[in-house]
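Notebook open. Today I am looking up salt bridges.

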Amino acid sequence: MKEIQLHRIDLNLLVVFEALMLEGSVASAAAKLGKTPSAISHALARLRDQVGDPLLVKVGGRTQPSPFALTLIDDVRPILRSIKRVLALPEPFVPATSDRVFRVACPIVGKMLSEVVNRLHQAAPAARLEWLSAPRQVYEAVAEGLVDVAHLGGETRLPDGLEEVEVPAFQWTSFVRAGHPALSNWGPAAWSRYPHVQVNIANESASPLDKPADRDPPDRTIGALISEFSSLGPLLASSDLIGTFPRVLMAWDMQTYGLRPLVPQITPSPFRTRFFWSSRLANDPASKWIRELVIGTYVELHNEADRLVERELPTMTA
């Protein structure tokens with residue numbers, strides 16, 4: 001038998017061969033595959049030429065397989081089944097029966113976390129959620145599929161192998177405790193007089209407050225630098241610090257700790273807000289499901305936070 005030239009083999013020839021072996025005649029194989037008998041005969045001739053064996057011959061009016069054909073079909077069938085399995089669309093994700101572990105990298109904010117957990121467990125009671133801060137290696141972790149979806153603020157250009165969606169931009173508001181002395185004379189002087197708290201998250205994006213859009217912004221003194229958003233509420237409620245942060249991160253702390261919202265005395269520079277995920281897992285049903293849940297929850301909370309804060313701002317700034 002001559003050497004097979006794989007680059008010349010058309011997989012359709014193996015499909016035709018399997019149909020011929022199953023049906024036992026050119027006419028029946030043609031009907032099964034929706035082709036003309038001439039096309040089936042031509043395909044068989046090409047395969048015969050490739051393998052150097054007659055494969056199927058007529059004996060007494062019936063088509064009979066050669067010994068090599070009987071051996072070949074045993075090898076071809078599992079190969080074709082494997083190809084079908086590989087190329088088949090992914091099975092739909094069924095949350096109710098899944099015990100998958102989902103990983104989300106996003107600033108730790110109580111309201112967002114609790115909403116996602118509740119919605120996830122309502123739909124997928126056996127699944128588990130791991131809520132991570134955004135480590136410096138987050139891009140590699142997402143690209144490798146170790147994190148399903150991650151939050152990104154700022155203008156950072158994503159590396160290759162990642163996909164993204166932009167969500168509503170942050171709305172920045174200053175928050176202080178009830179009874180804070182700045183409430184009675186809020187303005188540029190109070191902005192500069194009282195210390196501010198800043199959250200230092202592990203990414204390369206500069207805070208839009210550090211490079212405001214104003215030509216001559218009032219000074220701001222950082223009195224506290226912390227690593228997590230989750231401690232902002234109690235910190236602001238028990239100090240004279242000023243915290244200027246996105247509403248979606250602070251609206252519920254505002255309610256819980258009785259904080260008062262104020263219009264910032266600088267104009268933060270534009271600050272994009274995105275979620276991103278691995279291109280490799282873009283069509284994975286489970287990954288797509290958790291992305292839609294997390295991003296949908298975020299957008300809802302962003303809009304709700306705007307309503308909550310706007311409702312308090314007029315009386316605070318009148």
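My entries on the charged pairs follow.

Ground rules. I am working on a predicted model, where local features need pLDDT of at least 70, side-chain atom pairs count only at pLDDT 80 or more, and totals for chains, interfaces and linings use all residues. Residues are numbered from 1 along each chain as its sequence is written, and side-chain values use heavy atoms, with hydrogens and water left out.

Entry: the count. I took a salt bridge as a side-chain nitrogen of Lys or Arg within 4 Å of a carboxyl oxygen of Asp or Glu. That rule gives 14 salt bridges.

Entry: helix 5. I use DSSP runs, numbered from the N terminus: helices are H or I with at least four residues, strands E with at least two. Glu115 pairs with Arg119, closest N and O atoms 3.3 Å apart. Both sit in helix 5 (residues 110-123), four residues apart, so about one helical turn separates them. I then looked up the network: Glu115 and Arg119 are linked with Lys111 and Glu300 by salt bridges.

Entry: strand to strand. Arg274 bridges to Glu164, with 3.0 Å between the closest N and O atoms. Arg274 lies in strand 12 (residues 273-278) and Glu164 in strand 6 (residues 162-167), 110 residues apart. For exposure I call under 20% relative accessible area buried, over 50% exposed, and in between partly exposed (1.4 Å probe, protein chains only). Arg274 is buried at 2%. Glu164 is partly exposed at 36%.

Entry: helix to helix. Glu310 and Arg247 form a salt bridge, 2.9 Å from N to O. Glu310 is in helix 10 (residues 285-317), Arg247 in helix 9 (residues 247-257), 63 residues apart. Glu310 is partly exposed at 40%, whereas Arg247 is buried at 8%.
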